[in-house]
Amino acid sequence: MLGCGGDVQAAGLTHAVYGTDGFDLALLDRADRGVLRDLVGADAEELVYLYGACDRGRSWRELAHTGQVFDRFVGQVRTPNAAQLRSLTDLSIVNELDVIEHDPALADRHGAYFRELIASWAPLASEQVIRDAQRVLRP
C-alpha cells in the first residue's frame, strides 16, 4: 500500500471490520478484538480500531491541528501518537482514493472537499500517499 509498513498494510486489509461511521456493518464485535489482534498483530489491530472508531465529522477537519480523534464507540477524545496519526491518515486517504477510483463520479461530487481535506493532512501523511492523492484528485 503505497510504501506503507506491514502494520498499515494489514490494517488496510481489515480496516472496516469494526464498522466505520461511513460503513455501519461490523464484521467482528469490538469485544472480540483479540481475534483480530492474533491475526494481524497488536499495532495493526489498534489502527483498525482507531479507524473504525473515528467520528469523521468531529475529527477529520481539525485532525492536523489537534491531533485528536473523537472515538465514536466510547464517546471520548483520543490523542494518537505521531506514528499512529500518520498511519491513520495514510489509511484514511488510501481508502477514500480507492472508493473514488471505483466510482469516479464521487470525485466530481466530492473532489474539492477531499482535495482540501487531504491538503490539510499533508503534514501528517506519508509523501507517497499525498502524491497519489494529488494524482487521483487532480481537478
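This is a short tour of a predicted model, stop by stop.

**Stop 1: two crossing helices.** Select helix α3, residues 42-53, and helix α6, residues 82-102. Their axes come within 10 Å and cross at roughly 60°. The crossing is right-handed. Now show the side chains in the contact. From α3, pick Glu46, Leu47, Leu50 and Tyr51. From α6, pick Gln84, Ser87, Leu88, Leu91, Ser92 and Asn95. By class, five of these residues are nonpolar, four are polar and one is charged.

**Stop 2: asparagine 95.** Stay on helix α6 and select asparagine 95. Is it buried or exposed? Asparagine 95 is buried, because its relative accessible area is 14%, under the 20% cut-off. Its side chain makes a polar contact with the side chain of histidine 15, at 3.0 Å. Leaving aside neighbours within four places in sequence, asparagine 95 touches His15 and Tyr51.

**Stop 3: glutamate 96.** Select glutamate 96 and arginine 56. Their side chains form a salt bridge, 3.5 Å from N to O. Glutamate 96 sits in α6 and arginine 56 in helix α4, 40 residues apart. Glutamate 96 is buried at 10%, and arginine 56 is buried at 18%.

**Stop 4: glutamate 101.** Move along to glutamate 101 and arginine 135. Their closest N and O atoms are 3.2 Å apart, in another salt bridge. Glutamate 101 lies in α6 and arginine 135 in helix α8, so the pair ties together parts 34 residues apart in sequence. Glutamate 101 is partly exposed, at 42%. Arginine 135 is partly exposed too, at 43%.

**Stop 5: a network.** Select Arg33, Arg37, Glu45, Glu46, Asp71 and Arg78, which salt bridges with shared partners join into one network.

Key: Residues are numbered from 1 along each chain as its sequence is written. This is a predicted model: local features need pLDDT of at least 70, side-chain atom pairs count only at pLDDT 80 or more; totals for chains, interfaces and linings use all residues. Side-chain values use heavy atoms; hydrogens and water are left out. Axes are lines fitted to C-alpha atoms, for helices over the stretch in contact, and angles run from 0 to 180 degrees between N-to-C directions. Helices (H or I, at least four residues) and strands (E, at least two) are DSSP runs, numbered from the N terminus. A crossing is left-handed if the near helix is turned anticlockwise from the far one by less than a right angle, and right-handed if clockwise. Contact means heavy atoms within 4.5 Å. Ala, Val, Leu, Ile, Met, Phe, Trp, Tyr, Cys and Pro count as nonpolar, Asp, Glu, Lys and Arg as charged, and the others, Gly among them, as polar. Buried means under 20% relative accessible area, exposed over 50%, partly exposed in between (1.4 Å probe, protein chains only). A polar contact is a pair of N or O atoms within 3.5 Å; within protein, one must be able to donate a hydrogen and the other to accept it, and residues adjacent in sequence count only if both atoms are side-chain atoms. A salt bridge is a side-chain nitrogen of Lys or Arg within 4 Å of a carboxyl oxygen of Asp or Glu.
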